[in-house]
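Open the model in your viewer and keep the selection tool at hand. The stops below go from aromatic rings to a helix residue and then to a sheet.

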Amino acid sequence: MRLPNGYGSVHKLPGNRRRPWRVRVTTGWTPEGKQLFYTVGYYATQREALAALAEYHEKPIGDRRDLTLGQIYEQWSEKAYETLDRSTVNGYKACWKRIAKLADVPIRLIKTSDLQQIIDEMVKEGLGRSSLEKAKTLCGILMDIALNDDIIDKNYAKAIKLPPARKPEKETFTDLEVLQIEQLAESGDMWAGTVMILIYTGMRGSEMCGLTPFQVDIESWVITGGIKTDAGRDRIMPIHPKIRPYVAYWYNTRGPRLIHRDGQPISLNYYRKYIYYPVLERAGVTRHMTPHATRHTFATLLARAKIQPVYAQALMGHSDYSTTANTYTHLPLEELRAAIEAI
C-alpha cells in the first residue's frame, strides 16, 4: 500500500518478531540531507500499524508522545509532594518502588495487564489492602495525566482488579481485660458493674440506657427488652449470676431508668463519654474499645461455650438465621438460662 508523500511509512522488519511492523514519520533533515525519523511504534499486524499512523496524524502530540511512566511520575511528584502530608508521600514512594519496573516504558504502551502484574506480585508478597489501593491510585493519577495530554485514549489503571477486602475482625475484650473490669466492679465500682452487664447480656449501650426497672424481673432474674429489630425487641435475657449483684443494685435505686445518674436518665453519648471510657481507664484497660465491643465479646463467649445457633440468635436478638428467625421467642426460659450460664 502506497502512502502519501510525507505521511510516514509502515514496513515489516526482518526476523521472528512479536511486533514486526514499524511505523515511522519524517521529522526533518540533517545538514547533510539525511532524514530524521520519529518512530511511532511497533505493531503485530500491518492493519494495526496503519491505524497507529492514522491516529498519530489525528493527534500529533510531539515529544510528549514518548514520555515514559517514570518521566510522568517525576513531573507529577515534584509538585504533588510539596502539598501532600508526609505519610501520604511515603506511601506513594513505597508504591512507586514497585511500579518503577515500568519506569522506562512509554506510557502509551502500558496496558492494564502490565499494571495488573505489579499488583498481583504485591498480593503474593502479602502486602496489605491499603498498599494495593494506594498503588492503584498512583497508577491512575499518572494515567490521567497522560490521558489529559492526549498521549493515551484510556486510563488503563481503572481496570486493575484488587482482591476482595477482608472484613475487619471485630474487637473483643480479652479474658484478662474482662477480669480487670470484673475486679473493679467487685471492689464496689457500680459503674464498672454496668460494663459487666453489657458484656454478659450482649445488650447494646443504647438498649441498656433505655431500660426501665419494669423490664427487670428480679425474682426470675430476667430482663425483657431490646431495640433495633423485630427479633431484638422484647427478647428475653436471662441474667447471668456474675452480674446479678449489679443488676440488683441498680434495680434497688428505684430510678426512672435502670441505669441513671442521680435520678436522671442518661443518653448513650453521655454514658460512653463520662462513664464507660473512665471505667476502662480505672480498670487498667489501655486499648480503645468502644461500647459495642462488649456485644462482640458476648457473642465470642457464646461461641466459645459452643452455644447452639438458635440460642445464640435469641440471646443476641438477631434474625439472620433464616430457619429459626421466627421461633426463638418461643424457646423455654430454662433453656435460655442454661445457655447464658454456660459462658
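Begin by selecting Lys 134 and Tyr 92: the charged end of Lys 134 sits over the ring of Tyr 92, 4.8 Å from its centre. The model is a predicted one.

Across the whole structure, a search finds 10 aromatic pairs. One of them is Tyr 73 with Trp 76, a tilted pair with 6.2 Å between ring centres and 45 degrees between the planes. Where do Tyr 73 and Trp 76 sit relative to each other along helix α2? They are three residues apart in that helix (residues 69–80), so about one helical turn separates them. Both Tyr 73 and Trp 76 are buried.

Next, select Tyr 249 and Trp 250. Their rings form an edge-to-face pair, 5.2 Å centre to centre, with 85 degrees between the planes. Is Trp 250 buried or exposed? Trp 250 has a relative accessible area of 5%, and therefore counts as buried. Tyr 249 is partly exposed, at 39%.

For another charge over a ring, go to Arg 24 and Phe 37. Arg 24 lies over the face of Phe 37, at 3.7 Å from the ring centre.

Now move to helix α4 (residues 112–124) and pick out Gln 116. Its relative accessibility is 14%, which means that Gln 116 counts as buried, the cut-off being under 20%. Which residues does Gln 116 contact, leaving aside its neighbours within four places in sequence? Display Ala 159, Ile 160 and Lys 161 to see these contacts.

The last stop is a sheet. Select β4, β5 and β6: these three strands form an open sheet in the order β4-β5-β6, with antiparallel pairing. β4 (216–217) and β6 (235–238) stand at the edges; each has a single partner strand, so one side of each is left without a neighbour in the sheet. Strands of a sheet pair through backbone hydrogen bonds. Two bridges join β4 to β5 (residues 222–225). To find a bridge partner by residue, select Val 216, whose partner in β5 is Ile 223.

Notes: Residues numbered from 1 in each chain as written. Predicted model: local features only at pLDDT ≥ 70, side-chain atom pairs only at ≥ 80, totals over all residues. Heavy atoms only, no water. Phe/Tyr/Trp six-rings, centres within 6.5 Å; stacked < 30°, edge-to-face > 60°. Helix = DSSP H or I, 4+ residues; strand = E, 2+ residues; numbered from the N terminus. Buried < 20%, exposed > 50% of the residue type's maximum accessible area, 1.4 Å probe, protein only. Lys NZ or Arg CZ within 6 Å of the ring centre and 35° of its normal. Contact = heavy atoms within 4.5 Å. Pairing = 2+ DSSP bridges.
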